[in-house]
Amino acid sequence: EIVVLVAPPASGKSSLSRLFVDKGYHRVCRDELKSIDRCIESVRIHANSLDDKTFNRRGAVIDNTNTSISHRAEWIHLARKLNANVRCVRLKTSKDVCFALSKFRLLDRNTAAADRRVIDKIVIHKFFKDLQEPSLSEGFDKVHVVEWSPNIPIDIKSRKLFSQYLL
């Protein structure tokens, strides 16, 4: 199975993808691998290391914004080549929450170093301007729409910082 996340920058995609990783999925992120070709190759290597039945239970999660139909088509095409299911998870997060989460993760000491970077507001605005909402007609087996909900930090200092921006 290939799970394609569709969500704006600073919306919680990586946090959501970690839930899949905890269930045995392979996480693929273009921000880290730097090209679609490397991402596709990473999924192929993972798929080839598992039998078909296992891959359809613990496949790959695509941790990117996946704004357009053409971006998502790459993953749908790969899933079909691998004889795998492909589903989309559309994480609905408002612009205001994305702006707040972007600030929070920059300031929170518990945020992983790789995630502690400024995301320009223009990038967030661009996602909402360019977004083509995902649909079954693209070739997905399922499209899930998930409303954003806060994952409130346990650490007292982080919780206080989180509250300043989001609660």
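The axes of helix H6, residues 95-107, and helix H7, residues 121-130, come within 10 Å and cross at roughly 150°, where axes are lines fitted to C-alpha atoms, for helices over the stretch in contact, and angles run from 0 to 180 degrees between N-to-C directions. Helices here are DSSP runs of H or I with at least four residues and strands are runs of E with at least two, numbered from the N terminus. Because of that angle, H6 is roughly antiparallel to H7, a label given to angles over 145 degrees, while those under 35 count as roughly parallel, 65 to 115 as roughly perpendicular and the rest as oblique.

This is a predicted model, in which local features need pLDDT of at least 70 and side-chain atom pairs count only at pLDDT 80 or more, while totals for chains, interfaces and linings use all residues. Residues are numbered from 1 along each chain as its sequence is written, and side-chain values use heavy atoms, with hydrogens and water left out.

On the H6 side, the contact is made by Lys-95, Cys-98 and Phe-99, and on the H7 side by Lys-121, Ile-124, His-125 and Phe-128, contact meaning heavy atoms within 4.5 Å.

Phe-20 and Tyr-25 form an edge-to-face pair, 5.1 Å centre to centre with 80° between the planes. Phe-127 and Phe-128 form an edge-to-face pair as well, at 5.4 Å and 85°. Phe-127 is buried at 4% relative accessibility, whereas Phe-128 is partly exposed at 26%; buried means under 20% relative accessible area, exposed over 50% and partly exposed in between, with a 1.4 Å probe and protein chains only.

Elsewhere, Cys-29 lies in the loop between strand S2 (26-28) and helix H2 (30-33), and at 5% relative accessibility Cys-29 counts as buried. Leaving aside neighbours within four places in sequence, Cys-29 is in contact with Cys-39, Asp-63 and Asn-64.

Methods: Phe/Tyr/Trp six-rings, centres within 6.5 Å; stacked < 30°, edge-to-face > 60°.
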